[in-house]
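These notes are meant for a colleague opening this structure for the first time. Please keep the sequence and the 3D view at hand while going through the points below.

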Amino acid sequence: MKNLKQILFDKKMKQEFSIKDGIMTVDESSCDGCGQCIDTCPQSAISMTTLSADDVKNLSFKGRLKVRIKGNQKAMINPDVCTSCGLCIKQCHEFAIHKVERQRQTFSSHCKEELAV
């Protein structure tokens, strides 16, 4: 029988892989900076970034605690290179990587008029 964590993970995976036009994002409060996702990415779209003191202040309590324990290195995904294959989601033991709907840019009629000029 599957444990609860595996059941929740399977449900999350099914939900996120059903997104057709999505991009991968990193929840900085959950990421512990282990770097396993970097080694997994076939497109080399993931790199590590160092959070500034202001960035750390904006994290949740859990995120600030992880910074104190693991350091302020966090994964960052380049959306221009990422193909949203999902291998990083499967590799992340902290469930910090998610696939979300790509935001479509919408322009107001005022912006459209400026673009036409």
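1. Overall make-up. The chain holds 6 helices and 4 strands, where helices (H or I, at least four residues) and strands (E, at least two) are DSSP runs numbered from the N terminus. Read from the N terminus on, the order of these elements is α-β-α-β-α-α-β-α-β-α.

2. Basis of the values. This is a predicted model, in which local features need pLDDT of at least 70 and side-chain atom pairs count only at pLDDT 80 or more, while totals for chains, interfaces and linings use all residues. Residues are numbered from 1 along each chain as its sequence is written, and side-chain values use heavy atoms, with hydrogens and water left out.

3. Surface and burial. The accessible surface of the chain comes to about 8,200 Å², and 53% of this area belongs to carbon and sulfur atoms; the areas come from the Shrake-Rupley method with a 1.4 Å probe, and for residues only the protein chains shown count as cover. Of the 117 residues, 29% count as buried, where buried means under 20% relative accessible area, exposed over 50%, and partly exposed in between (1.4 Å probe, protein chains only).

4. Contacts along the chain. Among the contacts in the chain with a separation of 6 or more, 79% are between residues 24 or more positions apart, a contact being heavy atoms within 4.5 Å. Val81 lies in the loop between strand 3 and helix 5 and is partly exposed, with a relative accessible area of 32%. Apart from neighbours within four places in sequence, Val81 is in contact with Gln43 and Ala45.

5. The nonpolar core. Which residues have the most contacts inside the largest nonpolar core? They are Met24, Cys37, Ile46, Ile77, Cys88 and Ile97, in a core of 14 residues; such a core is a set of buried Ala, Val, Leu, Ile, Met, Phe, Trp, Tyr and Cys residues joined through side-chain atoms within 4.5 Å. Strand 3 and helix 5 each supply at least two residues of this core. In soluble globular proteins, nonpolar side chains tend to be buried together. Not counting residues up to four places away in sequence, Met24 touches Ile77, Cys82, Ser84, Gly86, Cys88, Ile89, Ile97, His98 and Lys99.

6. Cysteines. How many disulfides does a search of the whole structure find? The search finds 0, a disulfide being a pair of cysteine sulfur atoms within 2.5 Å. For Cys37, the nearest cysteine sulfur is that of Cys34, 6.1 Å away, and Cys37 is buried at a relative accessible area of 8%.

7. The salt bridge. There is 1 salt bridge, counted when a side-chain nitrogen of Lys or Arg is within 4 Å of a carboxyl oxygen of Asp or Glu. This bridge joins Lys66 and Glu94, whose closest N and O atoms are 2.5 Å apart. Lys66 lies in helix 4 (residues 61-70) and Glu94 in the loop between helix 5 and strand 4, so the pair ties together parts that are 28 residues apart in sequence. Lys66 counts as buried at 14% relative accessibility, whereas Glu94 is partly exposed, with a relative accessible area of 26%.

8. Ser30. Is Ser30 buried or exposed? At 4% relative accessibility, Ser30 counts as buried, and its place is in the loop between strand 1 (22-26) and helix 2 (36-40). The Ser30 side chain makes polar contacts with the side chains of Asp27 (2.9 Å) and Lys62 (3.1 Å); a polar contact is a pair of N or O atoms within 3.5 Å, where within protein one must be able to donate a hydrogen and the other to accept it, and residues adjacent in sequence count only if both atoms are side-chain atoms. Leaving aside neighbours within four places in sequence, Ser30 is in contact with Lys62, Lys66, Glu94 and Ala96.

9. Backbone angles. Most residues other than glycine have a negative phi. Ser84, however, has a positive phi near 60°; it is found in the loop between strand 3 (73-77) and helix 5 (87-91) and is buried, with a relative accessible area of 13%. Phe95 also has a positive phi, of about 55°, and is placed in the loop between helix 5 and strand 4 (97-101).
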